[in-house]
Structures are given as C-alpha cells and as structure tokens.
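Colleague: Could we go through this one together? I would like to learn how to read its side-chain features.

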Amino acid sequence: MGKGLFEKILFTGAVLLSTAAMMAHGQLDDIVHPLRTHSIYMPYIDQDLQNRWFDFGGDALINTNKYIRLTADAPSKTGYLWSRL
C-alpha cells in the first residue's frame with residue numbers, strides 16, 4: 001500500500017471518529033446542514049424515471065414516494081445509489 005493511500009485512510013478514519021464523538025455528545029446538531037446535491041428527498045424520481053442528483057441501477061428498487069431499496073432479500077442481488085457530484 002502506498003504512503004499516500006495510507007495517509008488518506010488514516011485521515012478518513014480520524015474524520016469518522018471525530019464525527020462519531022461529536023454525535024455522541026450532541027454537538028453535531030448545529031453543524032449538519034443537508035445539501036440538495038448529497039441528500040435525497042421524495043419524490044425520489046421524476047416523470048422520466050430519473051433523479052437530477054443521483055444515479056441508481058443494478059437491482060435497486062425505487063418507489064417514487066415511499067422508499068429506496070438497494071437489493072431484494074437475496075444474496076445474489078446487487079444495486080447502487082450514487083451521487084453524480
């Protein structure tokens with residue numbers, strides 16, 4: 001594993017740990033602001049069966065106003081929901 005990749009993994013781990021600690025102490029409420037480009041809201045898809053900010057595929061199931069299910073309850077199924085940004 002290269003040194004650059006190792007440093008990125010360590011940094012990501014530190015960010016996750018600090019975020020988890022802030023959540024545990026209730027300090028994150030003042031910091032979190034939903035971003036339209038990274039948050040998904042109902043209706044999940046428009047009349048063209050697309051979403052402006054997210055791509056989805058594989059075995060993902062999207063019910064317009066109810067839920068997003070990435071896979072059915074079967075081990076051979078895979079689906080994804082990915083931000084376009």
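Colleague: Leaving aside its neighbours within four places in sequence, which residues is Asn51 in contact with?

Modeller: Contact means heavy atoms within 4.5 Å. By that rule, Asn51 touches Ile40, Tyr44 and Arg84. A word on the ground rules: this is a predicted model, where local features need pLDDT of at least 70 and side-chain atom pairs count only at pLDDT 80 or more, while totals for chains, interfaces and linings use all residues. Residues are numbered from 1 along each chain as its sequence is written, and side-chain values use heavy atoms, leaving out hydrogens and water.

Colleague: Is Asn51 buried or exposed?

Modeller: Buried means under 20% relative accessible area, exposed over 50%, partly exposed in between (1.4 Å probe, protein chains only). Asn51 is buried, at 10%. A polar atom of its side chain lies 2.6 Å from the backbone oxygen of Tyr44.

Colleague: How many salt bridges does the structure hold?

Modeller: Side chains of opposite charge can pair when their charged atoms come close. The cut-off for a salt bridge is a side-chain nitrogen of Lys or Arg within 4 Å of a carboxyl oxygen of Asp or Glu. The structure holds 1: Asp55 with Arg84, their closest N and O atoms 2.6 Å apart.

Colleague: How exposed are the two partners, Asp55 and Arg84?

Modeller: Asp55 is partly exposed, with a relative accessible area of 32%. Arg84 is also partly exposed, at 40%.

Note on methods
Polar contact = N/O pair within 3.5 Å; in protein donor to acceptor, adjacent residues only side chain to side chain.
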